Amino acid sequence: MKTEDLNNINIAIVGGGYAGVTAALALSQIGANVTVYEQAHATGEVGAGIGLRPASIKLFRKLGIFDDIAAVTSPSKAFDIVDAQGNPITTEEWPQKDGDENTTRMIHRRDFIDALTKNLPEGMLQLDHKLIDLKDNGNSATLTFANGNEVTADLVVGADGIRSKVREIFGHYEPVPAFAHAYRVVLDGSEAQGLLTDDNLRLYLDSETGNMIYFLPLRHRGPNGQVSFDITVLSDDTSWSPQVTREEILHAIRNFDERLIRMVENMDLDKVNFRSAFDIDPVETWNSDSIVLIGDAAHAMLHHQGQGANSAVIDGGALADALRNADSLTSALANFVAERKEPTQALQRISRESWNQESASTSAFPEKDQISY
Ligand SMILES: Cc1cc2nc3c(=O)[nH]c(=O)nc-3n(C[C@H](O)[C@H](O)[C@H](O)COP(=O)(O)OP(=O)(O)OC[C@H]3O[C@@H](n4cnc5c(N)ncnc54)[C@H](O)[C@@H]3O)c2cc1C
């Protein structure tokens, strides 16, 4: 689109998570008038780590925020999959994109959202705006918020996560339970029982129970470094925030390396985030002429390939590129959906398969033929 058209377009982004804030940065840099409406009183994130992949790092360079990201990350070499006792199953170096300057980097979720939001122009992020109603007027859309504000925009970007309100306009997609719990906590390196030795992501897989521990190093954090510790346990309980005792966790991880068991014996349960794992079925329609979905709202996936947040930020960059390169908003949205739907729905499918002894022995990156890192 021409610069003057972009300068005249008003974009309302619903959701100030990774997708919404990255989209806001990218869209404002091409000249659009952007406001992000976030329901929370303050931006916040639970304690856990994420591996930022090369395509995300490349985008952050393009957006001019690489240094802020680099300052709160550690570069990582490989993904190690080991059995419950730590014996190697598969080790693979992270797939690269354009050489190794954009290598995978480990980040804490809180640092990630802070690095993104601090780069937003003043006033672009409007907190305390919970979307409660959305009307598609054809070439515009009208948003109504719980605080009574009403806004009409040329384009509404639904970046409001797995339980998206915006998505309701395209159909009924309830979160689908994976019959697994995720217990996540960030521990100081001194509590890691000597296991925090490098920057590789390690997945411990117990083939007998199907339970897993993701051990994600954050060695740049604090004097001893930190580790993001994510225990994934199969369970019939699908409550959003399950109530679990230490004894139940210890029973679930009884086959694991005794150092991991000791970490659980010692950890402060008040600091643990207890969640059931959910994704959504593939969403058929992602856009109208004035509304489009991005991030988890469009394609929430399970965490096993570590691609949810990465896909969310790539969507934000791809949406801005689509607007820049097309001659109208309608074709820009069509091009965006054509580019992003197939790879993200492939990731949804692959992530649903989770890990077992056979898949873990085959490749650490079963998705690598389906996406461009
Ligand atoms: C256990 C676990 C581990 C994970 N590990 C990884 C990993 O290692 N790597 C990875 O890439 N991904 C990982 N993910 C996935 C990742 O967290 C998500 O894919 C990512 O957060 C999606 O970003 P988003 O911005 O689309 O949605 P969200 O982060 O959910 O943000 C949505 C925002 O919209 C706001 N919102 C919602 N409704 C409204 C409303 N009505 N009005 C206004 N605002 C609203 C919310 O408050 C929120 O701020 C993991 C997920 C889980 C559960």
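**Close-up views of the ligand site and its helices**

An oxygen atom of the ligand sits 2.7 Å from a polar backbone atom of A309. This is a predicted model. The views below start at the ligand and then turn to the helices.

**View 1. Backbone atoms of A309, N310 and A19 face ligand oxygens.** At A309, the distance from a polar backbone atom to a ligand oxygen is 2.7 Å. N310 brings a backbone N or O atom to 3.1 Å from an oxygen atom of the ligand. A19 also takes part: a polar backbone atom of A19 is 2.9 Å from a ligand oxygen. How much of the ligand does the protein bury? Taken alone, the ligand exposes 1000 Å², and the protein buries 83% of that.

**View 2. A shell of 31 residues surrounds the ligand.** The closest are E38, R109, L131, D296 and A309. Which class of residue gives the shell 13 members? The polar class does; ten residues are nonpolar and eight are charged.

**View 3. Helices and strands contribute to the shell around the ligand.** Which of them supplies the largest share? That is α9, with four residues.

**View 4. Helix α9 packs with α10.** Helix α10 spans residues 329–352. The axes of α9 and α10 come within 8 Å and cross at roughly 155°. An angle over 145 degrees counts as roughly antiparallel, so α9 and α10 are roughly antiparallel to each other. Their crossing is right-handed.

**View 5. Helix α9 also packs with α3.** Helix α3 covers residues 54–62. The axes of α3 and α9 are 9 Å apart, at an angle of about 45°. This angle makes α3 oblique to α9. Is the crossing of α3 and α9 left-handed or right-handed? It is left-handed.

**View 6. Helix α2 meets α5.** Helix α5 runs through residues 109–117. The axes of α2 and α5 come within 9 Å and cross at roughly 25°. Angles under 35 degrees count as roughly parallel, so α2 is roughly parallel to α5. Helix α2 passes α5 in a left-handed crossing.

How values were computed:
Residues are numbered from 1 along each chain as its sequence is written. This is a predicted model: local features need pLDDT of at least 70, side-chain atom pairs count only at pLDDT 80 or more; totals for chains, interfaces and linings use all residues. Side-chain values use heavy atoms; hydrogens and water are left out. A residue is near a molecule or strand if one of its heavy atoms lies within 4 Å of it. A polar contact is a pair of N or O atoms within 3.5 Å; within protein, one must be able to donate a hydrogen and the other to accept it, and residues adjacent in sequence count only if both atoms are side-chain atoms. Accessible areas come from the Shrake-Rupley method with a 1.4 Å probe; for residues, only the protein chains shown count as cover. Helices (H or I, at least four residues) and strands (E, at least two) are DSSP runs, numbered from the N terminus. Ala, Val, Leu, Ile, Met, Phe, Trp, Tyr, Cys and Pro count as nonpolar, Asp, Glu, Lys and Arg as charged, and the others, Gly among them, as polar. Axes are lines fitted to C-alpha atoms, for helices over the stretch in contact, and angles run from 0 to 180 degrees between N-to-C directions. Angles under 35 degrees count as roughly parallel, over 145 as roughly antiparallel, 65 to 115 as roughly perpendicular and the rest as oblique. A crossing is left-handed if the near helix is turned anticlockwise from the far one by less than a right angle, and right-handed if clockwise.
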